[in-house]
Amino acid sequence: MNTQDPHPHRLILRGIAPLLACLKHHPKALREVIATAAFAPNLAEHDATFAELGVKTRIVGPMELAQTAEGPCDDVCALTMRPDFGLARISDFAEWRESRESIVIADGVTDPADLAAIARGMAAFGLKRLLLSGGTEKLAHHPEAWHLSRGAMEQLRLMRAAALGGLLRLVEDKCCVVALSPDIGRKIDLAVPVRVPGRHLALLIPGGKLDPDIQPRVEHCYRFPGLVGQPALSLSEIAPLAIAWFASTPQPRADGFLSRKRARHAKDKGSNPTS
């Protein structure tokens with residue numbers, strides 16, 4: 001993204017997959033579609049939709065397309081305008097607990113490829129809420145992150161998490177934070193999900209080492225998967241594994257964590273009636 005852009009919420013989408021995802025999930029964000037003459041016939045089926053939305057379309061040469069896309073692009077790009085992402089509040093965590101919605105927090109992630117991998121993993125396993133800390137929110141409008149996510153970013157609800165350590169301290173009673181770390185924590189068992197009675201879960205994925213200010217707010221910390229002494233996996237390789245494991249965690253039941261025990265006892269009593 002051009003840091004001199006007077007429109008800070010302008011986002012460039014490179015490639016057909018992000019464009020079609022935007023057209024499906026956030027069509028009103030589209031402003032202009034630019035394609036090469038060779039690729040333009042592939043967009044013909046969407047011409048009526050573009051016209052209905054008032055989206056401009058342009059045919060340009062490969063060099064002008066690359067300049068407009070602000071990066072490598074050889075088929076099509078789109079200019080979009082996005083609203084400001086909301087700021088996560090304490091009341092949001094209470095609502096997520098009531099709705100039993102698990103969330104993912106990206107803290108200190110600076111590589112667009114890593115954020116894209118997190119987005120793809122979340123979309124693949126049905127997670128929707130992604131919180132971006134102060135060190136990560138700069139990637140929220142990075143064209144490469146949206147390009148590499150192959151449309152997954154369009155399916156997520158992005159929010160900013162300012163002063164993440166303080167925010168997590170204020171919601172300790174509502175949210176259990178599970179964190180990944182490259183160098184500290186227990187060995188992760190991908191076959192055993194985390195169980196947290198009566199609270200909803202947040203998966204914290206750091207871009208590097210876990211922030212010391214956040215460590216006291218983490219209830220469960222696990223090392224990146226892999227054997228000690230062997231070449232470590234990158235964050236973009238680990239994120240889908242961790243999100244699949246996280247998404248397999250049973251959701252809290254609406255009537256509380258003792259409900260299973262009560263249900264089991266009630267069943268036992270019913271199956272052995274007194275004579």
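**Cysteines and aromatic pairs**

Cys175 is buried, with a relative accessible area of 4% (buried means under 20%, exposed over 50% and partly exposed in between, using a 1.4 Å probe and protein chains only). Please keep in mind that this is a predicted model, where local features need pLDDT of at least 70, side-chain atom pairs count only at pLDDT 80 or more, and totals for chains, interfaces and linings use all residues. Residues are numbered from 1 along each chain as its sequence is written, and side-chain values use heavy atoms, leaving out hydrogens and water.

**Cysteines**

- Searching the whole structure turns up 0 disulfides, a disulfide being a pair of cysteine sulfur atoms within 2.5 Å.
- Cys175 is in no disulfide, and its nearest cysteine sulfur, that of Cys176, is 7.0 Å away.
- Cys77 is in no disulfide either: the nearest cysteine sulfur belongs to Cys73, 5.2 Å away.
- Cys77 has 1% relative accessibility, so this residue counts as buried.

**Aromatic rings**

- The count is 2 aromatic pairs, where rings of Phe, Tyr and Trp (its six-membered ring) pair if their centres lie within 6.5 Å; planes under 30 degrees apart are stacked, over 60 edge-to-face and the rest tilted.
- Tyr222 and Trp245 form an edge-to-face pair, with 5.2 Å from centre to centre and 75° between the planes.
- Tyr222 sits in strand E11 (residues 220–223) and Trp245 in helix H8 (residues 235–247), so their pair ties together parts 23 residues apart in sequence.
- Helices (H or I, at least four residues) and strands (E, at least two) are DSSP runs, numbered from the N terminus.
- Tyr222 is buried at 10% relative accessible area, and Trp245 is buried at 2%.
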